[in-house]
Amino acid sequence: MSNWDYGRSDSWVTNYPQCNNQRQSPIDIDTSTFDGFKNRCDIDCRLSLNYISSKCNVTNLNNTPTIYFDRGSILSFNKESYNDELDENIKRTEKSNMYRLKKATLHTSSMHTINNESYDMEVLLYHYKINMHNEDDTQDDNTGGVIVSLLYKSGNETGTPNAFFNQIINRLPTKLTTTEINIKVNEDWGAELLLPKNKSFFTYDGSLPTPPCSKDWFYVVFEEVGVISKTLLNIFKLGYTKNNRKTQRLNGRSISYNSNPKLYNESFLSI
């Protein structure tokens, strides 16, 4: 059993010194402070996603349901200009900037806030750096990576996120378990169902949002707030509530914004 809980997040630093560093997550994204030129990354932020369908295995540790996905879903993020005319052989060498989706954690209410507004749920998708010298590597939370944040509010019954949650919400384990439990899902179930239609996003450098609060985590926070049905949300809250960390100081960090992204979905990313 871990020696921490969300209700005592201010004391995490006692056992986890990294929880006191200057680049902690989550944060409030205050758009009123944005400078149109300084914060813009429309041109040089290239986000690539290739998510595939998956089985669903879950655990529950520290009142946090964690979903483990099959290997094969890949994210790539480059802070540099992208040339659509790049030779395919050159594109294939970009795997040094590629990350494999491993798991998701579900939180209510949200970890991140936008302009101090909290949301009913947040899903964090954890992507770990691909080690090109060892395809079977087992990266852990201390190695850093990319976390994609998806925010949701209570609403209607339609939409692909509801298709994602509806298949698992009643079978998430509410008791502590470190052993993965398989939940039977449809063949087309997977993380892609969680993605918003509008792919605008914020980015910033942060940390693991829970102990050990490891640094070197880069965040992509989608701006569009998705919808989870009120019924599904209420079912989730029967087993989980207040499993979020309060927002942390920005401490001079910059937040970038891509208002009109071209979200790449490249077949060469699949591994």
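Reader: Is K103 buried or exposed?

Author: K103 is buried, its relative accessible area being 11%, where buried means under 20%, exposed over 50% and partly exposed in between, with a 1.4 Å probe and protein chains only. This is a predicted model, in which local features need pLDDT of at least 70 and side-chain atom pairs count only at pLDDT 80 or more, while totals for chains, interfaces and linings use all residues. Residues are numbered from 1 along each chain as its sequence is written, and side-chain values use heavy atoms, with hydrogens and water left out.

Reader: Which residue forms a salt bridge with K103?

Author: That residue is D141, with the closest N and O atoms 3.5 Å apart; a salt bridge here is a side-chain nitrogen of Lys or Arg within 4 Å of a carboxyl oxygen of Asp or Glu. D141 counts as partly exposed, at 22% relative accessibility.

Reader: And how many salt bridges does the whole structure have?

Author: The search finds 5, among them R23 with D205, at 3.3 Å between the closest N and O atoms, and R8 with D5, at 3.1 Å from N to O.

Reader: Switching to the core, which residues touch the most other members of the largest one?

Author: In that nonpolar core of 43 residues they are I67, V123, L125 and F165, a core being a set of buried Ala, Val, Leu, Ile, Met, Phe, Trp, Tyr and Cys residues joined through side-chain atoms within 4.5 Å.

Reader: What does F165 touch?

Author: Leaving out residues up to four places away in sequence, F165 touches L106, M121, V123, Y152, L194, I228 and L232, contact meaning heavy atoms within 4.5 Å.
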